[in-house]
Amino acid sequence: MAHDHDTLIEEEVAMQDDSWSGGKPPMKASYGKLMMWYFLLSDAFTFAGFLIAYGALRFSSPTWPIPDSVFSTAPFGIHEYFPGGHAPLIFVTFMSFLLIISSVTMVRAVQEGHRENQGGVSFWMLLTILGGLGFLGCQAWEWSNLIAVEHMTVTKNPFGTHTIAGQYLHPDGTLSDDTFDGGDGYLMHLAGAGHHGHGEEDHSHGSYDGEYSLTVDMKDGKMDEYVDFPGYRINKEGYILKKFKAIEGENEGQVMSEQMGPKAFGALFFFITGFHGFHVFSGVVFLLIIMVNVMSGLYAERKNGYEMVEKIGLYWHFVDLVWVFVFLVFYLL
Amino acid sequence: MGHESYEDAKKKVFKGMLLLAVVTLIEVIFSLFGKGHIIAGMEDITWVAYVVGLIIIILSIYKAYFIVYEFMHMKHEVKGLAMSVLLPTLLLVWAIIAFFQEGNRWGESRELVKEKNAIESDQYFIDSDADDVKEIKEEDVQGNHSDDNH
């Protein structure tokens, strides 16, 4: 009760002398909402910086992994039902839908808040949280598939792109019927992919009778170590680089081998989608806290149309907004 | 929402969801079309890639506009708030132009950088002859000693 009394006096004092009581907010938005908008603006600049860095590095790279061939798998082997066993962009489209739906349930929660409907707010917030958790689950699957099955890491990128047309060799070094065009993507496998995580030792296995070779690139002075086989070579990280015969360009007729994809791709992918996923995760945590407060009746007492729900709503929509651009830059273009 | 009825506002939200989902689907279809998944051979035509890219970017910006103005209720805020949040993002236009230009330049100079690196590494190998380094080091140490003694 003493607290109520203090508040009353404070308001009276503010009314007596003519100073600003904090009652009439600038730009007709409360302090909390205004600061949320400016926080989101600064966060938008952070994300824009990352995405522009992605663009600059992509422009500087002679080749870049093709998103629709990198992201063409789906859980439960769903991609097997698509033509050629690839489901390009299907899974990430599903992830986008999840975020859109959870954004819409958030709008509904805010609407119910304006009507001071406590049950409605907590119901729609619960659905929003489920949508966010679903998205995080999908991202966890996407990451573990890329890391454990396709062996992409922050520093190693097995997704490459051919710059010229060619014809693959069989493992024994004879020409196969398997041809490709410039611009086609490929995924390199780890030698002995059966032994998970032991790729680096595989080339020293006695079962292979490859020839060890040390190549020095005269142009940049970098050393490349390979174990050479008739139809392929294995680099020191244990990836199999298939050999092919070039059928166009300045090296026409020569036997060449696949190269690792640009390193920056893996680092950018894990860092930017990870940063966005972290936003989703912290959004889910805040939504949970605010939902518990809604259910306890805390905001009903304030009689301000559940403004706290509106603020977390702004943040949640922003996470969806960022995904629009992450989706555009990483997957669509 | 104020001026519209609750039922109208509810309907509008679900219409918004449908709109975003359909626009996303159109984007994906355009993207796959541009990469030659729907009609084979499209990925080899350069201008198709540019047109498709432009369409997808415009659709994404429309989605962003829709989320900010409808879902985040920016259209109900006063103009000063909307402008103070939205106008600073125009700075990014220059960031995009400048950094993409820079990235392009890195790409063009890649061969040149490699050649220069190779020249410098040759010089490095000649200069850093092990005996030379040893001699200089010994002289330095002796010099220091004589300084201390005086």
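Reply: The description below moves from the chain contact to the helix pair.

The model is predicted, and local features need pLDDT of at least 70, side-chain atom pairs count only at pLDDT 80 or more, while totals for chains, interfaces and linings use all residues. Residues are numbered from 1 along each chain as its sequence is written, and chains are lettered from A in the order in which they are written.

Chain A has 45 residues in contact (C-beta atoms, placed from the backbone, within 7 Å) with 51 residues of chain B. On the chain A side, two or more residues each come from α2 (31-60), α4 (90-114) and α9 (307-332) of chain A; helices here are DSSP runs of H or I, at least four residues, numbered from the N terminus. The most is given by α4(A), with eleven residues. By class, this side of chain A holds 27 nonpolar, eleven polar and seven charged residues, where Ala, Val, Leu, Ile, Met, Phe, Trp, Tyr, Cys and Pro count as nonpolar, Asp, Glu, Lys and Arg as charged, and the others, Gly among them, as polar.

Within chain A, the axes of α4(A) and α5(A) (residues 118-149) come within 8 Å and cross at roughly 160°; axes are lines fitted to C-alpha atoms over the stretch in contact, with angles from 0 to 180 degrees between N-to-C directions. That angle makes α4(A) roughly antiparallel to α5(A), a term for angles over 145 degrees. Residues making this contact include A:Phe91, A:Met95 and A:Leu98 of α4(A), and A:Trp124, A:Met125 and A:Phe135 of α5(A). The contact of α4(A) with α5(A) comprises 13 nonpolar, eight polar and three charged residues.

Notes. Contact = placed C-beta atoms within 7 Å. Parallel < 35°, antiparallel > 145°, perpendicular 65-115°, else oblique.
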